Amino acid sequence: MAPRKAPLRLSPWLRRSIKSVIHVVALGYLVWLFYAGITDTLGPDPVDTLLNETGIWAIHLLFITLLLSPLAKQMRSPAPIQFRRMLGVYVFVYALAHLSTYVLFELQLDMALVLSELISRPYIVVGMVALLLLLALTATSFKVLQRKMGKRWQQLHNAIYLILPLTLLHFSWSQKTFWQEPIWYWLAGITVLAPRAKQWLITYKKKRSRKQAKKSAAKANSPQYP
């Protein structure tokens, strides 16, 4: 029998190096986008480009974040999980930049227009719900809160599996079609969520079986009167 390989573990130096690269790429690209927009070197419609790029990369980073847990299971190593919180925070940063671009540059901070857009464009409401959930996950992503919240922390952070379809719905609705580009994101989303949905179904069936077994045992042990 072949000896079982030890799980891959990253040295502190390598872990810090990878995190530094993530910071440089994710934050650097965002800074460059806004700098190019301010200096009018982002094409004929810089606001539209900013909206598209910040939105699309928020989705891309969300996919990467969701793929880290399956990757860790496949590798039988906790190494990928060490970057999940950082990437999750950048999902929120890009989503917030997306909203800020819309409110600041597209609507010119006109609060009456913002309210009108929320009423007339439901996809914006969907995007706002996804952003608020991301805010909740980001605010509670620190280890000290994870320890204090206990099981509730995991229950809250399972909302990331709701954020993905909400984000894709917002994207598809804003594109006014579920076909062309959005369909590929939906197919990728279904692929990512399918194993999780299967696990939820198995867990639900197990809990239901245990409840039924307890009810049956309680019924069998209850006193029988003639």
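Helices are DSSP runs (H or I, at least four residues), numbered from the N terminus. This is a predicted model, in which local features need pLDDT of at least 70, side-chain atom pairs count only at pLDDT 80 or more, and totals for chains, interfaces and linings use all residues. Residues are numbered from 1 along each chain as its sequence is written, and side-chain values use heavy atoms, with hydrogens and water left out. Helix 4 and helix 5 (122-139) each supply at least two residues of a nonpolar patch. The whole structure also holds 6 aromatic pairs.

**Aromatic pairs**

- Rings of Phe, Tyr and Trp (its six-membered ring) pair if their centres lie within 6.5 Å; planes under 30 degrees apart are stacked, over 60 edge-to-face, and the rest tilted.
- One of the 6 pairs is Tyr29 with Trp57, edge-to-face at 6.1 Å centre to centre and 65° between the planes.
- Tyr29 sits in helix 1 (residues 12-38) and Trp57 in helix 2 (residues 46-75), so this pair ties together parts 28 residues apart in sequence.
- Tyr29 is partly exposed, at 27% relative accessible area; Trp57 is partly exposed too, at 35%. (Buried means under 20%, exposed over 50%, partly exposed in between, with a 1.4 Å probe and protein chains only.)
- Phe63 and Tyr185 form a tilted pair, with 6.5 Å between centres and 35° between planes.
- That pair links distant parts of the chain: Phe63 belongs to helix 2 and Tyr185 to helix 9 (residues 181-221), 122 residues apart.
- Both Phe63 and Tyr185 are buried.
- Tyr29, Trp32 and Trp57 are joined into a cluster by ring pairs.

- Asp110 lies in the loop between helix 3 (84-106) and helix 4 (111-120).
- Asp110 is partly exposed, with a relative accessible area of 37%.
- A polar atom of the Asp110 side chain lies 3.2 Å from the backbone nitrogen of Ala112.

**Nonpolar surface patch**

- Leu115, Leu118, Ile119, Val125 and Val129 make a nonpolar surface patch of about 430 Å².
- Such patches take residues with over 30% relative accessible area and no salt bridge, joining nonpolar side chains (Val, Leu, Ile, Met, Phe, Trp, Tyr) within 5 Å and like charges within 9 Å.
- A salt bridge is a side-chain nitrogen of Lys or Arg within 4 Å of a carboxyl oxygen of Asp or Glu.
- Accessible areas come from the Shrake-Rupley method with a 1.4 Å probe.
- Helix 4 gives the most to the patch, with 3 residues.
- Val125 is in helix 5 and is partly exposed, at 37% relative accessible area.

Methods
Polar contact = N/O pair within 3.5 Å; in protein donor to acceptor, adjacent residues only side chain to side chain.
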